[in-house]
Structure formats: C-alpha cells, structure tokens
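Trainee: Could we go through this model together, one topic at a time?
Mentor: Gladly, start wherever you like.

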Amino acid sequence: MASSGEGPSGGSPRRPSTGPESLAAVEGAQLDSVEDFEVLEEDEEEDEEEDLSELPPLEDVGRPVAPPRDQAKDPGEAAEEPQEWLDVLGSGLLKKKTLVPGQGVDTRPQKGQDVTIRLKASLEDGSVVEENPALTFTLGDCDVLQALDLSVQLLEMGETALIVSDAKYCYGAQGRSPDVPPNAALTLEVELLEARDAPDLELLSGKEKIELANRKRERGNYFYQQADYVLAINSYDIALKIICSSSKVDFSPDEESELLDVKVKCLNNLAASQLKLDHYEAALKSCNQVLEHQPGNIKALFRKGKVLAQQGEYREAIPILKAALKLEPSNKTIHAELSKLVKKHADQKNMETEMYRKMLGNPSTAGAPGKCKDKLPWSIPWKWLFGATAIALGGVALSVVIAARN
C-alpha cells in the first residue's frame, strides 16, 4: 500500500515528468477529456526505438547465485572492494553491482510483493536527480522505472547495490523535465529495506481500493504518454482486476459510484491503447463494456465507431458516430470523422455496385441510350416479344380448356 514513496511528488520515478500537476494534465488533455480525441489520431509510423514491449517478463530474469564473499570482512570493507558487474538482461544496458552484501539469496523478494527501498538516482555527471529514503511499490507491476522493477528482484534483504541503466529502462527519449535530459542513462544506488506480501484485495476498504486502482491507472496514463502502449495496457488491466475483485467489506454508495467511475476511465483508456496497437476486437470489447455502464459515454461511442471504421464496417460505424455527435453537436473531431466515414461508405457502395454490374455482365447506364438509338427501325423490343408469346400461349391453353369442357 501507500508509503512516503508513493506521494504525488514530481520527482518520483513512477510519475510523469512534468511535476505534481502532470497526472491531472495528462488525464485532462489526452485520455479523460470529453472534447479531445487526440489519443485516437492514426499514427502509422510509430517510433519503435523506445518500444519496451520486447522486454523479458520479470519472472524470466535470471537469478544468479550471489558471488562468494569474505565473511570476515565488515560491510564497510565490502563496499570499498571492486565487485563483479552482473549483466541483468545480457545486453549490457542494465548492470548491477553489490556494494553491501545482503542476508542471502533466499531473502530476495518475489514478484507481486510490496517492497520498500532506499533510492538515490544520479546522472552520469554525478548530479543527483532523485532521493527517496523509503520508496514502496509492487514488484512486477511496472509502478516504477523498469530499471528498478527488473533489478530489485535480484537484491537480497539488506543489500545495497549500484545499478547502471541505459535510458531505455529509465525515462527514455523524453526524459523528465527539468532535471533528467532526454536519452539520459542513470546510476541508481538502491538498498532493499523490506519485502512483504501485498494486501488482500478482499479486505481493502472502499477508499483503499479506489486509491490503489487510481495509482495503477495513473501509471498506465504515464506509459501512454511515453507511447509504450503495451505497458499502458498492463497497468490498466491491473487496475481493472483490483476494481473487479470480490470484497468482504461493505462499500458506501459514494464509494461504489467512484469505483465505477475509475473502472470506466480505465476501460476507455484501455480501448485507446488497444487502438494504437491495432487490437480491434479487444478495443471493441472494452468500448462495449463502457457502454454497458454508460450508454451515453461519448468517448466510448467515438472509439467504437473508430474501431468499426478500421474494420471496414462503415454501415455500423456511422450510426454510432451520429449518436455521439447528437450528444456533443459542437465536437469538431466527431464531425470530421463522421464526414470521412460517410464518404468512405459512399465510395464503398459505388465499388460494390460496379463489381456486381461486371459480374452480371450488365451494360453500364452511360452506354444504354446510345445503344437504343442505334437499333434498326424494324427491330422488336424483347419485352413486346415476350408479352405476345405469353398471350398466345394463354389463348391456346384457354382453347384447350373450353374444348375439354365441351
């Protein structure tokens, strides 16, 4: 649960880079705004350099046996001796070196536990950009810098280690204004203070569950702004699991309402992330879940229309966008999207008509008048011929019937 390391400070490695108001700004301007649908703008050429989706899962990171150490030496002497660097991922981009030995391999924390660490982060020139005496987070939930999430699981209880990380596992190409420049590597001095099992979700109060879910959602918003949609989806999924978990505690009506509000926000933002990855069926499911709770949710209607349009289902998408526009007539984004879909639908129908005409071998309407003019004066229209034949056959049949009666 929360600790002094989980406050809204802009310096925390789990927060967006623009200070205490950054989460509210991110949420208002990008993900949770009714008027702004920038999160749905098509981006056909995503920057792949900062894509962290190929990182190995935390449970797959090796746990090598700690190097032997001289038991007769005190921790101070061990800290001064040169130690072997451990290449955490095998790529040379994330390395760990023990400064003060811990209490043994069996004291290492496990994924899913809440861990508390002492953290000091510095740039390559030695300037300190972060100090936290007691930062608490859930190991494996991507609540903090990936460099920490990947390395802390290798620390023994009481161990102090130096972690040198490439920018890819820290603040990436965007950096963190104003103290961490873009593409900056960090050196992290970390001491593992505590590891304990995460609280039982069934026993959380309404307020605790709301705070925990919001913290995961805000982390997802941060990853979304970093264009790391895989990790954003991971954070939103964790938040939804917290919200939807069963409870042995009674919640007040206000708490139930607030939990539903957080759930809707998570589902909407989840759909936005899934759209970015072209996961259309998953995005459609997320939008439908929002609309089950709030049929008039404009963002869900708009995103559902976008999903259907991406799948070529213009006939289904247009009424949904019209419903969204009816709720927000002045929204220029919906207007533009609807106009684009109407044109695409018309073009699609014209193409289908032309295709059917070619399949059936029918002449085009443009050539019909010319052919009629070219007919010879003595030619008889086939419709007249067919009618005359039918009348003749009918007369014969009638004669036969009369003759039979006589």
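Trainee: Which residues of helix 8 are buried?
Mentor: In this predicted model, the buried residues of helix 8 are Ile298, Lys299, Ala300, Leu301, Phe302, Arg303, Lys304, Gly305, Lys306, Val307, Leu308 and Ala309, where buried means under 20% relative accessible area, exposed over 50% and partly exposed in between, with a 1.4 Å probe and protein chains only. Twelve of the 13 residues are buried, so helix 8 is largely enclosed by the rest of the structure.

Trainee: How should I read the numbering and the confidence limits?
Mentor: Residues are numbered from 1 along each chain as its sequence is written, and side-chain values use heavy atoms, with hydrogens and water left out. Because the model is predicted, local features need pLDDT of at least 70 and side-chain atom pairs count only at pLDDT 80 or more, while totals for chains, interfaces and linings use all residues.

Trainee: And what span should helix 8 have?
Mentor: At 1.5 Å a residue, helix 8 (residues 298–310) should span 18 Å, and its end C-alpha atoms are 18 Å apart, which agrees; the expected span is 1.5 Å times one less than the number of residues. Helices (H or I, at least four residues) and strands (E, at least two) are DSSP runs, numbered from the N terminus.

Trainee: Switching to the sheet, what is the strand order?
Mentor: It is an open sheet of six strands in the order 1-2-5-6-3-4, with antiparallel pairing, and two strands pair if DSSP finds at least two bridges between them. Strand 1 (86–87) and strand 4 stand at the edges with a single partner strand each, so one side of each is left without a neighbour in the sheet.

Trainee: Which strands does strand 3 pair with?
Mentor: Strand 3 pairs in the antiparallel sense with strand 4 (residues 128–138) over eight bridges, and with strand 6 (residues 186–196) over nine bridges, again antiparallel. Ser122 has Val128 of strand 4 as its bridge partner, whereas Val115 is bridged to Ala195 in strand 6. Strand 3 (residues 114–122) is also mostly covered, with seven of its nine residues buried.

Trainee: What about the hairpin of strand 3 and strand 4, which residue takes a positive phi there?
Mentor: That is Gly126, with a phi near 95°, in a hairpin that has five residues between the strands. Cys142 also has a positive phi, of about 60°, although it is not a glycine; Cys142 is found in the loop between strand 4 and helix 3 (146–151), and at 8% relative accessibility it counts as buried.

Trainee: Is Ala227 buried, exposed or partly exposed?
Mentor: Ala227 is partly exposed, with a relative accessible area of 35%. It has a positive phi of about 65° although it is not a glycine, and its place is the loop between helix 4 (206–225) and helix 5.

Trainee: How many aromatic pairs are there?
Mentor: The structure holds two aromatic pairs. In one of them, the rings of Tyr224 and Tyr229 have their centres 5.1 Å apart and their planes at 65°, so the pair is edge-to-face. Rings of Phe, Tyr and Trp (its six-membered ring) pair if their centres lie within 6.5 Å, with planes under 30 degrees apart counted as stacked, over 60 as edge-to-face and the rest as tilted. Both Tyr224 and Tyr229 are buried.

Trainee: Where is the cis peptide bond?
Mentor: The cis bond joins Ser177 and Pro178, with omega about 5°, and Pro178 lies in the loop between strand 5 (160–165) and strand 6.
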